[in-house]
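Biologist: I have the sequence and the structure open side by side, and I'd like to go through the packing with you. Shall we start?

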Amino acid sequence: MSCCMSASRRPNARVTTALLLALAAALSSAGAQGTAASSPAFRDDTVRIEVADGTLVGSLMRPRTTGPVPVVCILSGSGPTTRDGNSMVVPGRNDSLKQLAESLATHGIASLRVDKRWVGASAGVRQLPPDSMSVARYVDDARAWLRHLARDTTFARVYALGHSEGALVMSIAAADVPVAGVILVAGPGLPLGTAMRAQLSDSTRLPRAFYPAADSALAALESGRPLPTVPPLLGALFSKANEGYLRSLLAEDPARRVAALTMPVLVVQGTTDLQVSVADAERLAAAARRGTLALADGVNHVLKRVGGPMPAQFAAYSSPTPATDGAVVTPIVRFVRGR
């Protein structure tokens with residue numbers, strides 16, 4: 001095993017249908033550093049913070065208003081997904097999280113969307129041995145960003161927002177950082193093992209003959225046993241580069257993490273999301289001590305108003321149109337404003 005991870009060996013443990021489709025195809029001291037973009041409504045500045053392994057980079061979008069404003073820290077989902085919501089392994093860009101930030105700015109809400117370690121502008125963070133990667137490292141990075149915002153007196157309140165797998169990470173990070181609320185957008189509600197078994201047992205996603213090998217690999221990871229050899233079709237999912245990270249994910253129950261939060265929690269879920277279900281969102285909202293569920297009718301996993309089977313949704317993963325839907329933005333604005 002290599003002493004460090006190359007770009008191709010970064011953990012990419014994905015709990016979603018998108019990963020399974022990829023398998024089937026085989027059959028991240030701070031300071032503003034210039035203005036990246038601007039409009040009459042907002043300015044978008046690059047921000048950097050130092051962590052033990054290097055420099056993490058994000059984009060701080062501020063509305064052009066005076067006085068302290070609330071700020072939302074936005075963390076993207078699994079794999080090599082950038083601060084703007086674009087996967088580095090999917091052609092094109094959907095800009096879903098950038099568009100969300102722009103919409104929040106037009107409502108007087110600031111946001112900091114961040115590149116995870118080894119992704120986008122945070123790619124320079126020191127590489128680590130593959131088996132040392134875990135959810136805890138992403139959580140530590142998220143805490144660093146939240147604490148950075150909490151120290152900034154230009155912000156009235158800080159909120160933590162995670163999209164997809166980022167929802168789990170923010171649920172853990174926010175538990176011991178002073179945030180006013182947590183926003184979970186398209187976040188999985190079931191433990192990873194349960195979700196993966198449900199998806200892998202679907203013969204339209206994985207030929208039935210391969211399910212026993214997948215189930216055996218999951219059982220080994222869950223129990224701490226060595227990862228067995230799997231058929232090539234399953235190699236991308238159960239790779240040695242992903243093993244440590246997968247083990248840490250399999251030990252997590254998203255609903256249990258949400259249940260530990262004492263601050264208000266908003267769960268936002270699209271009804272045409274083929275990667276995370278309404279039932280996932282309901283489980284998270286029910287677990288929260290102070291939870292609110294907002295369903296975005298007709299909205300998919302990348303926050304676009306698109307329905308139909310996955311082939312019909314592919315274009316939305318690679319295009320900025322349609323834009324991030326208002327049915328996602330509106331409940332977040334209301335939550336942050338305390339309405």
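Biologist: Which residues does F238 touch, leaving aside those up to four places away in sequence?

Modeller: Bear in mind that this is a predicted model. In it, F238 touches M196, A214, A217, L218, L221, L227, V230 and L246, when residues up to four places away in sequence are not counted.

Biologist: And which residues have the most contacts inside the largest nonpolar core?

Modeller: Those are L146 and F238, and the core that holds them has 64 residues. Helix α3 gives the most to this core, with seven residues. There is also a second, separate core of 23 residues, which includes L97, L303, V328 and V336.

Biologist: Switching to rings, how many aromatic pairs are there?

Modeller: The count comes to two. In one of them, the ring centres of Y138 and Y245 lie 5.5 Å apart with the planes at 90°, and because an angle over 60 degrees counts as edge-to-face, that is how this pair is classed. Y138 belongs to helix α3 (residues 135-150) and Y245 to helix α7 (residues 240-250), so the pair links parts of the chain that are 107 residues apart.

Biologist: Are those two tyrosines buried or exposed?

Modeller: Buried means under 20% relative accessible area, so Y138 at 8% counts as buried, and Y245 at 1% is buried as well.

Biologist: What about the pair formed by Y159 and F335?

Modeller: Y159 and F335 are also edge-to-face, at 5.9 Å centre to centre and with 65° between the planes. This pair joins strand β6 (residues 155-163), which holds Y159, to helix α11 (residues 326-337), which holds F335, across 176 residues of chain. Y159 is buried with a relative accessible area of 5%, and F335 is buried at 16%.

Biologist: Which charged end sits over the ring of Y138?

Modeller: That of K116, which is 5.5 Å from the ring centre. Elsewhere, R117 lies over the face of W118, at 5.5 Å from the ring centre.

Biologist: New topic: which strands pair with β5, and in what sense?

Modeller: Strand β3 (residues 54-63) pairs with β5 in the antiparallel sense over four bridges, and G58 has V114 of β5 as its bridge partner. Strand β4 (residues 69-75) pairs with β5 in the parallel sense over five bridges, with V72 bridged to S111. β4, helix α2 (residues 96-106) and β5 together make a right-handed β-α-β unit.

Biologist: How many residues of β5 are buried?

Modeller: Five of its five residues are buried. A110, L112 and V114 point one way from the strand, while S111 and R113 point the other way.

Key:
Residues numbered from 1 in each chain as written. Predicted model: local features only at pLDDT ≥ 70, side-chain atom pairs only at ≥ 80, totals over all residues. Heavy atoms only, no water. Phe/Tyr/Trp six-rings, centres within 6.5 Å; stacked < 30°, edge-to-face > 60°. Helix = DSSP H or I, 4+ residues; strand = E, 2+ residues; numbered from the N terminus. Buried < 20%, exposed > 50% of the residue type's maximum accessible area, 1.4 Å probe, protein only. Lys NZ or Arg CZ within 6 Å of the ring centre and 35° of its normal. Core = buried A, V, L, I, M, F, W, Y, C linked by side-chain atoms within 4.5 Å. Contact = heavy atoms within 4.5 Å. Pairing = 2+ DSSP bridges. Right-handed = clockwise from strand over helix to strand, strands pointing away.
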